Amino acid sequence: MEKRCLFPQAGGFLHGGDYNPDQWLDRPDILKEDIRLMKLAGVNCVTLGVFSWVMYEPVEGQFSFDWLEEIMDRLYAEGIYTILSTPSAAHPAWLDAAYPTVMMVKANGERNRHGGRGNSCWSSPKYREKIGIIDRKLASRFGSHPGLLLWHISNEVGGECFCPLCAERFREYLGRRFDQDIQKLNQAWWTPFWGHCYSDFAQIEPPYSNGETSIPGLLVEWKRFTTWNIVDFLKTEIRIFKELTPQIPVTLNFMSFSQKLDYREAAKELSLVSWDSYPAFHNDQETLYETMAKTAFHHVLIRSLKPEKPYLLMECTPSVVHGMPYNKQKRPGVHRLACLQAIACGSDSVLYFQWRKNRGGHEQHHGAVVDHLGTGDTRIFREVSEVGSMLRRISEAAGSMPGSGAALLVDWDNRWALNEGRLAGEQTKNYEKTCIALWKEFFRRGVEMNVVSTEADLSGCRVVVAPMMYMLRPGTAANLKRFVENGGLLLATYLTGYVDEHQLCYMGGFPGDGLSALFGVISEELDTLYPSDRNGIRFADGTHWEVYDYAEVLRVGSAEVLGVYAEDYYQDGAAVTCNTYGQGKAYYVAARVAPAQMWTLFERMLKEAGLPVKCLPEGVEYHQRRGEKDVYDFYLNWTTQARDVPVAEGEDLLTGHPVTENMLRLDPYGAAVIRRLAPEE
Ligand code: GAL
């Protein structure tokens, strides 16, 4: 596999994070000390300027960049590179006072007042114009700075604006989408129901909280529009950098699995992707391993946006977060492990929010590498420095990538449709939870599984799991058929193929759009169970699965029945089926079952597909990054007990010791990164 080290000039992995020296310009002693401490901690990169608009332009039209240049120069002289952010996430007070329409309007139609951040109207020409001026100045002044690695657009973008301008752009967007034909829209949104027909695009409003929230087609289209509009805004920023500094890549920082923006649309505009990770460490509802399995899912979700190259962990906390119900410290050793997890999943960086704690302001208690104490002799600082040395020890792995023969299909439209739709159980749909829970079963056995869209090219996959694919986009059914026809193994579940992209139910049987032929079944009824209800599924070999939440009643066509319901009026009816289609097979699981119970079926699919499964001790995570000649096996022990893991011979880059036995002991919260020659493909 070709290695694509993102920033060879920085020597491999990036280590550092958000640095906000704007607050300390009157404290040269602190700025000097920062650089000394950064070097001690093995920091080679900082992110500057995320919220610096007012520092760049303290008064409208008056600009000040000297302070930034001085800091970038000083950092670069000490071997520390810069990711430079555009400051669009935080408006200066003068901007909002002079041009109130740059602020966001809430779903009730009320405009926000000045304050906070992420408070922008994506459509506002004034906002776009003003940030464009700053961006051009940043690009022309710093674009050829030798310390500049990357442009970072805004901060964690997302959020809907309901202002009159956005409403107008929504109507224009709908006009384009429906060929300016209002009858096409009426048909697609089924507006004769409840007498909601429109006679003109001008009559359509966004789904204000006190307005039209009863047309499913409108609701999902509004979400798509919001993504389109945010991306349109992002393009106005990105265009400037592509034009003035084509040699510098561009990213933005995503959040975990945000509903607010279809990341796949935004990722198309970026050179590389990045995200901010803030798991609730050591919470009292799950083991640390379970928390970190969920975090691994988020890493892989982001990686899968551009699976051909590494991504960046743009933010994580070196110690505590702030603003969660409980803000527990990471136990000693856990920070190193969490950083290594990011690297194992394909990140080429470990970056923090933030370098030094702010003295006042909203996030004054959020963890930072340098605490209010101000010294380098804290536990947190030492642990961060250990990460710095660890990243240097494994730097040869930068640019390598995990490979994957399995995929989980997840779509934003589908989650919007399911979450907003009035169907099944309001409290039990749990689309995101279901996706993560299924993914985790593969993760537990060290099976690398990408998280991709229903439109993705599946030709490199052998096994695909598609949970609750309620909404089918145009082309999804054809994509899945092609995959199975060519020998792929596909598994879909209850709630598949009910509606099309406009939320219109398929006629002639679910799953629609021809998928009933692929699965060889038709789902005739969906039974929604109350929380205490249970059913079961019996298999010929005596296996029993427990059913909760949902059970579909199937009509079986060409499929082979593998399991049947144990009880109720659909007792003995098909619940798990398999249909041979072309060279492959399409499995259908008609009821909700704990993913752990479904493992027998997943295992059968993986075996048939020739994908290896690992036998990992409880609480141990595994990933493999593949380089040109070598592979890197990552083992992470998320428990407080030592764990013995079966390994292949190689060298542990963390210790520098050869691994000659086929069993390796990992200490509590211990890890190994074993380099070995890539096996012949
Ligand atoms: C992130 C955000 C940072 C900082 C951090 C800690 O979501 O991008 O600017 O606020 O959270 O709370």
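The structure is a predicted model. The ligand sits among eleven kinds of neighbour listed below, including Glu315 and Glu363, and the protein buries 90% of the ligand's area.

**Ligand site**

- The residues surrounding the ligand are Phe51, Arg117, Asn155, Glu156, Asp276, Tyr278, Glu315, His322, Phe353, Glu363 and His366.
- By class, this shell divides into three nonpolar, three polar and five charged residues.
- Glu363 places a polar side-chain atom 2.6 Å from an oxygen atom of the ligand.
- For Glu315, the distance from a polar side-chain atom to an oxygen atom of the ligand is 2.9 Å.
- Asp276 has a polar side-chain atom 3.5 Å from a ligand oxygen atom.
- The ligand would expose 310 Å² if taken alone, and the protein buries 90% of that.

**Surface patch**

- Trp190, Phe193 and Trp194 make a nonpolar surface patch of about 470 Å².
- Phe193, one of these residues, lies in the loop between helix H7 (182-188) and helix H8 (216-244).
- Phe193 counts as exposed because its relative accessible area is 58%, and the cut-off for exposed is over 50%.

**A buried loop residue**

- Asp411 is found in the loop between strand S11 (406-409) and helix H13 (412-420).
- Asp411 has a relative accessible area of 3%, so Asp411 counts as buried; the cut-off for buried is under 20%.
- The side chain of Asp411 is joined to the side chain of Arg473 by a polar contact of 3.2 Å.

Conventions:
Residues are numbered from 1 along each chain as its sequence is written. This is a predicted model: local features need pLDDT of at least 70, side-chain atom pairs count only at pLDDT 80 or more; totals for chains, interfaces and linings use all residues. Side-chain values use heavy atoms; hydrogens and water are left out. A residue is near a molecule or strand if one of its heavy atoms lies within 4 Å of it. A polar contact is a pair of N or O atoms within 3.5 Å; within protein, one must be able to donate a hydrogen and the other to accept it, and residues adjacent in sequence count only if both atoms are side-chain atoms. Accessible areas come from the Shrake-Rupley method with a 1.4 Å probe; for residues, only the protein chains shown count as cover. Ala, Val, Leu, Ile, Met, Phe, Trp, Tyr, Cys and Pro count as nonpolar, Asp, Glu, Lys and Arg as charged, and the others, Gly among them, as polar. Patches are made of residues with over 30% relative accessible area and no salt bridge: like charges are joined within 9 Å, nonpolar side chains (Val, Leu, Ile, Met, Phe, Trp, Tyr) within 5 Å. A salt bridge is a side-chain nitrogen of Lys or Arg within 4 Å of a carboxyl oxygen of Asp or Glu. Helices (H or I, at least four residues) and strands (E, at least two) are DSSP runs, numbered from the N terminus. Buried means under 20% relative accessible area, exposed over 50%, partly exposed in between (1.4 Å probe, protein chains only).
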